[in-house]
Amino acid sequence: MSILYGVPVSPFVRKAMLAHAHKNVPYEMLITMPNSDDEEFRQASPTGKIPAYKTDDGVAFADSSVIVAYLERIDATNSLYPDKASDYALALWFEEWADVSLMEAAGALYFQRVIGPTFFKHETDLKRVDEILTELIPKVLTLLESRITEGNWLVGDDLSVADIAVGSCLINLLHADYQIEQSRWPKLYSYNERFIALPIAQEQIATEKGMIAQANS
Ligand SMILES: N[C@@H](CCC(=O)N[C@@H](CS)C(=O)NCC(=O)O)C(=O)O
């Protein structure tokens, strides 16, 4: 069976887990911290970043986008990539933007409020949180609001890699107790509700909440 290296509370590992769950592809999770010097993990991830992966035929690599693309090639059911070329491009754009820009804002808040205090015993930097809340987050949420169209999901009516990547960032906000203002970002508010209600998201959130509660106890 394939091996996923990482920890579920990492947003990029979460993205890989959500893709496996959506596509019903089984895997074994090997709990691995970023920068672990485990040899097999480093074979897969020379930079030490999580997630990393080893396929059931023994090929190792890292990066959530690579892992999701690999999954699609081994099992095309519940496809995460739209067929139409322009929709495919749009989905990849959302994924890239979420992994970089949305993650920069949502990940910063999640680190300050959850990951730092829970797993590294860092104190929350309230000045930094203020900057994140007043500058970083409104900018990305306003952009996202402007890109949400009529369909159920970000690119049309089917869930795609765009939703898996953006949704992974929205789960950061949920853990960090950030409420999306309905009056300011109405389309995003509804989109977030829809994503969080998905059974795959609910299951992922429950797993992560369990880990966070255990680390805090
Ligand atoms: N582009 C990578 C980013 C992975 C990433 O930055 N992972 C973080 C954990 S959420 C990490 O391992 N950080 C450790 C480091 O940068 O040294 C992906 O999509 O997998």
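**Reading the terms**

Q: Why is arginine 128 called partly exposed?
A: Arginine 128 has a relative accessibility of 31%, and the term partly exposed covers values in between buried (under 20% relative accessible area) and exposed (over 50%), with a 1.4 Å probe and protein chains only as cover, so arginine 128 counts as partly exposed. This is a predicted model, in which local features need pLDDT of at least 70 and side-chain atom pairs count only at pLDDT 80 or more, while totals for chains, interfaces and linings use all residues. Residues are numbered from 1 along each chain as its sequence is written, and side-chain values use heavy atoms, with hydrogens and water left out.

Q: What makes the contact of glutamate 131 and arginine 128 a salt bridge?
A: A salt bridge is a side-chain nitrogen of Lys or Arg within 4 Å of a carboxyl oxygen of Asp or Glu, and the side chains of glutamate 131 and arginine 128 meet at 3.1 Å, N to O, so the pair meets this rule. Both residues lie in helix H5 (residues 126-147), three residues apart, about one turn of the helix, where helices (H or I, at least four residues) and strands (E, at least two) are DSSP runs numbered from the N terminus. Glutamate 131 is also partly exposed, with a relative accessible area of 30%.

Q: How many salt bridges are there by this rule?
A: The count comes to seven, including one between lysine 15 and glutamate 95 at 2.9 Å, N to O. Lysine 15 lies in helix H1 and glutamate 95 in helix H4 (residues 85-119), so this pair ties together parts that are 80 residues apart in sequence.

Q: Which residues are linked with lysine 15 in a network of salt bridges?
A: Lys15, Glu95 and Asp99 are linked in this way, as the side chains of aspartate 99 and lysine 15 also meet in a salt bridge, at 2.7 Å, N to O. Aspartate 99 lies in helix H4 and lysine 15 in helix H1, so this second pair ties together parts that are 84 residues apart in sequence. Lysine 15 and glutamate 95 are both buried, and aspartate 99 is buried as well.

Q: What makes strands S3 and S4 a pair?
A: Two strands pair if DSSP finds at least two bridges between them, and three bridges join strand S3 (residues 52-54) to S4, so the two count as paired, and they run antiparallel. In this pairing tyrosine 53 stands opposite phenylalanine 61 in S4.

Q: Why is one side of strand S2 and of strand S4 left without a neighbour in the sheet?
A: Four strands form an open sheet with mixed pairing, in the order S2-S1-S3-S4. Strand S2 (28-31) and strand S4 (60-62) stand at the edges, each with a single partner strand, so one side of each has no neighbour in the sheet.

Q: Why is aspartate 38 called partly exposed?
A: Aspartate 38 has 38% relative accessibility and therefore counts as partly exposed. This residue is placed in the loop between S2 and H2, and aspartate 38 and glycine 48, ten residues apart in sequence, are 9.5 Å apart in space, C-alpha to C-alpha.

Q: Where is methionine 33 placed?
A: Methionine 33 is in the loop between S2 and helix H2 (39-44), and with a relative accessible area of 43% it is partly exposed.
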